[in-house]
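The following explanation leads the reader through a structure, chain by chain. Please keep the sequence and the coordinates at hand while reading.

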Amino acid sequence: MKVLIVDDSKAMRMIVTRTLKQAGIINLTTIEAGSGVEGLAMVADHKPNAIFSDWNMPEMTGIDFLKKLREDGNSTLFGFVTSESSPEVKKEAKDAGASFFIVKPFTPNSFEAALAPVMAKTF
Amino acid sequence: MCSNPLPTLKTIEKMMHCLLGDQVVTKNSVPGPDLTKPHVVASYVNDAHEVQRILVCELGLANAMGAAMSMIPSGVANDATKAGIVADNIQGNLSEVLNICVNLFTENCTDRLTFSNLKVCTPKDPAPAVKQSVKYALDIPRYTGGSLLAGSV
């Protein structure tokens, strides 16, 4: 499974990768981007199976990244891993087409809980 | 005005265990951060960009939190603290830690806040004016411990 991790913090991208492994994602390959703009290019070039994106990033936010993907007709499984936690933000994410929402800080258990339903449905 | 409560010891402990590992020890700290030494102030703003909450960390603790996030050697953090700065390679991690710490102020609350910025302050800088505050001490294994203050502005 090829996963694109989009976060402006290099350390956080590393931690998300580690947590995905701890959460038991098998055959995991990760690719990384530091913003929504970079993320769009990575999606075009690498065609990931899933995208895990931060919300607040320079150049292009996570929600704008998701909206652009969907406008372009891309339906790749997309979820947020973010410090945002308000109900309004979660609703905006869902309305834009996000399949899961993980609030930082997280544990492997919180990843498993968020991913189990969508993974079962999608893969 | 933001009505979200200040974090409890339990909230701080849960946050730090998730961020930096289960071995982090948290406890109440009566004096709080020593503002006569360099310290870091993180600001959290509402949607109108008005500062509503701050976190004040002793510099040693700030360097330790940033370093511990991606296992940067403790010597790097200690050297930066002695120099009165946040190390360049710790700055990004510390920003992310403080960004995530917004949830100390927003978990199960109605008002949305976002991390605005961090500032390394010296004793010459005016002490932050807080209306209410809570003070805790953290000990991060293999790194330096220290005090932090969470306050409403």
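Predicted model: local features only at pLDDT ≥ 70, side-chain atom pairs only at ≥ 80, totals over all residues.

The peptide bond from Lys104(A) to Pro105(A) is cis, with omega near -5°. Pro105(A) belongs to the loop between strand E5 (100-103) and helix H5 (108-122) of chain A.

In chain A, an open sheet of 5 strands is arranged in the order E2-E1-E3-E4-E5, with parallel pairing. From one strand to the next, the twist averages 20°. Within the sheet, E3(A) and strand E4 (residues 77-82) of chain A run parallel and are joined by 4 bridges. Across this pair, Ser53(A) stands opposite Phe80(A) in E4(A). H1(A) packs on the sheet, where it touches strand E1 (2-6), E2, E3 and E4 of chain A. The direction of H1(A) makes about 150° with that of E1(A).

The next topic is the packing of helices in chain A. Two packed helices are described by the angle between their axes and the distance between the axes. For helix H2 (residues 36-46) of chain A and helix H3 (residues 62-71) of chain A, the axes come within 9 Å and cross at roughly 35°. The crossing of H2(A) with H3(A) is right-handed. On the side of H2(A), the contact is formed by Gly36(A), Gly39(A), Leu40(A) and Val43(A); these meet Gly62(A), Asp64(A), Phe65(A), Lys68(A) and Leu69(A) in H3(A).

Two loops of chain A deserve attention for their backbone angles. Which value does phi of Asn27(A) take? It is near 50°, a positive value in a residue other than glycine. Asn27(A) lies in the loop between H1 and strand E2 (29-33) of chain A. Because 6 other C-beta atoms lie within 10 Å, Asn27(A) is exposed. Lys47(A), which is not a glycine either, has a positive phi of about 45°. Lys47(A) is placed in the loop between H2 and strand E3 (50-53) of chain A. Lys47(A) has 11 C-beta neighbours inside 10 Å and therefore counts as exposed.

Chain A also touches chain B. The contact takes 15 residues from chain A and 16 residues from chain B. On the side of chain A, the largest share, 4 residues, comes from helix H1 (residues 10-22) of chain A. The residues on this side divide into 6 nonpolar, 6 polar and 3 charged.

Attention now turns to chain B, which has 5 helices and 6 strands. From the N terminus on, its elements follow the pattern α-β-β-β-α-α-α-α-β-β-β. The radius of gyration of chain B is 14 Å, close to the 15 Å that the globule rule gives for 153 residues, so chain B is as compact as a globular protein of that length. The C-alpha trace of chain B spans about 40 × 35 × 30 Å along its principal axes. Of the 153 residues in chain B, 45% are buried. Where contacts in chain B link residues at least 6 apart in sequence, 64% of them join residues at least 24 apart.

Strands of a sheet pair through backbone hydrogen bonds, either parallel or antiparallel. Strand E2 (residues 39-45) of chain B pairs with strand E3 (residues 51-58) of chain B in the antiparallel sense over 7 bridges. There, Ser43(B) has Ile54(B) in E3(B) as its bridge partner. The hairpin of E2(B) and E3(B) has 5 residues between the strands, and His49(B) in this hairpin takes a positive phi near 65°. E2(B) also pairs with strand E4 (residues 114-121) of chain B, in the antiparallel sense over 7 bridges. In that pairing, Val45(B) stands opposite Thr114(B) in E4(B). E2(B) is mostly covered, with 5 of its 7 residues buried.

How many residues of helix H2 (residues 59-69) of chain B are buried? The number is 11 of its 11 residues. Among them are Leu59(B), Asn63(B), Gly66(B) and Met69(B). Just after H2(B), Met71(B) takes a positive phi of about 55°.

Definitions and conventions
Residues numbered from 1 in each chain as written. Chains lettered and ligands numbered in written order. Axes fitted to C-alpha atoms, helices over the stretch in contact; angles between N-to-C directions. Left-handed = near helix turned anticlockwise from the far one by under 90°. Contact = placed C-beta atoms within 7 Å. Nonpolar A, V, L, I, M, F, W, Y, C, P; charged D, E, K, R; others polar. Buried ≥ 20, exposed ≤ 12 C-beta atoms within 10 Å, placed from the backbone. Rg over C-alpha atoms; globule rule 2.2 N^0.38 Å. Pairing = 2+ DSSP bridges.
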